[in-house]
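Dear colleague,

I am handing over the structure below, and after it you will find notes on what came out of the analysis. Please read them with the coordinates open beside you.

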Amino acid sequence: MTGGETLVEGALRVLNTPDPVEKAKLGDQIANNWLQGLILDSYTPSQPDFMVKLVSPSLMPKLGKAGSLQSRQAIVHSLVHTESWAIDLSWDIIARFGKQESMPREFFDDFVRVAQDEGRHFTLLAARLEELGSHYGALPAHDGLWDSAVATSKDLFARLAVEHCVHEARGLDVLPTTISRFRNGGDNQTAELLEKVIYPEEITHCAAGVKWFKYLCSRSCGGEESDVEVINKFHEVVRSHFRGPLKPPFNESARRAAGFGPQWYEPLAVKDFTQ
């Protein structure tokens, strides 16, 4: 079993093999595969298989403004796809960084809750999509979120900053408009789901990113790093791992509820010409 298996995944198979004879055989097989170049990666995110056509973000059709059934289906399909990635990313941050970075129990608690939320969001939105006469996989989707996961796979600072404080925060920026569009289009059921369930819980997910980014900053310098130094570190990490400036307008109230004010993100809305 080589295929797309990474070395760490092979190591886990060895560790989970109880029979010592089989363990020795499997370990030898995996070692040979690695040394012979049959296993290509040590540990990179394994992109999940989807019954959905993945295309470049630039080739994605316009979603519309929820004025028609077709547009509402397209928007909900896009949200379902985002939540499917979010499930993997939530568990990935636990598996990839938890032990490696010697994170405390509270880190695991927070991201297990995030992962549980994302799974519930996926299930609810997928069910709503079917009620709208479609299903997940009926439309194309892009994997830009997973591309950024790969780009941040070796750095917990980067994963927290980019996935939780950039991408998830962007979701907070656009969700109120999306909710209004569904209401204006007469789809109060989807609007209620987004407003009462998805939106408030996504604030807590962004807050988890901010919280643990601050923790890493504090730990890295013995608990003496100032707010200004934390924000400067955030700017440095985002500019290194996220392409281009952030897009306003920003949802300042939701972002503040998640624990970070305009000084965190407004400077990143301007192109840094020193890069």
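For a chain of 275 residues, a compact globule would have a radius of gyration near 19 Å, and the chain has 21 Å, which agrees; the radius is taken over C-alpha atoms, and the globule rule is 2.2 Å times the number of residues to the power 0.38. This is a predicted model, in which local features need pLDDT of at least 70 and side-chain atom pairs count only at pLDDT 80 or more, while totals for chains, interfaces and linings use all residues. Residues are numbered from 1 along each chain as its sequence is written, and side-chain values use heavy atoms, with hydrogens and water left out.

Overall picture

The C-alpha trace of the chain spans about 65 × 50 × 35 Å along its principal axes. Its secondary structure comes to 10 helices and zero strands, where helices (H or I, at least four residues) and strands (E, at least two) are DSSP runs numbered from the N terminus. Of the 275 residues, 43% count as buried, a word used here for under 20% relative accessible area, with exposed meaning over 50% and partly exposed in between (1.4 Å probe, protein chains only). The accessible surface of the chain is about 14500 Å², and 55% of that belongs to carbon and sulfur atoms; these areas come from the Shrake-Rupley method with a 1.4 Å probe, and for residues only the protein chains shown count as cover. Among contacts (heavy atoms within 4.5 Å) with a separation of 6 or more, 75% are between residues 24 or more positions apart.

Helix 6 covers residues 156-184, and its 29 residues reach 40 Å from first C-alpha to last, close to the 42 Å expected at 1.5 Å a residue; the expected span is 1.5 Å times one less than the number of residues. At the start of helix 6, a side-chain oxygen of Asp155 comes to within 2.9 Å of the backbone nitrogen of Phe157, which falls under the polar contact rule (a pair of N or O atoms within 3.5 Å; within protein, one must be able to donate a hydrogen and the other to accept it, and residues adjacent in sequence count only if both atoms are side-chain atoms). Further along, helix 6 has a kink of about 35° at Val174, shortly before the proline Pro176, the bend at a residue being the angle between axes fitted to the seven residues ending there and the seven starting there. Gly186 follows helix 6 and has a positive phi, near 85°.

Helix 8 has 15 residues and reaches 21 Å, close to the 21 Å expected. Its buried residues are Val230, Ile231, Phe234, His235, Val237 and Val238, and they pack against helix 6, helix 7 (188-220) and helix 10 (262-265). As background, an α-helix has 3.6 residues a turn, so residues three or four places apart point the same way.

Gly10, in helix 1, counts as buried because its relative accessibility is 0%. Thr17 sits in the loop between helix 1 (7-15) and helix 2 (20-35) and is buried at 16% relative accessible area. A polar atom of the Thr17 side chain lies 2.7 Å from the backbone oxygen of Arg13, and, not counting residues up to four places away in sequence, Thr17 touches Glu22, Lys23 and Leu26.

Backbone points to check

Most residues other than glycine have a negative phi, and most peptide bonds are trans. Ala66, in the loop between helix 2 and helix 3 (69-98), has a positive phi of about 70° and is buried at 0% relative accessible area. Ser102, in the loop between helix 3 and helix 4 (105-131), has a positive phi of about 50° but is exposed, at 56%. The peptide bond from Pro248 to Pro249 is cis, with omega near 0°, and Pro249 lies in the loop between helix 8 (227-241) and helix 9 (252-257).
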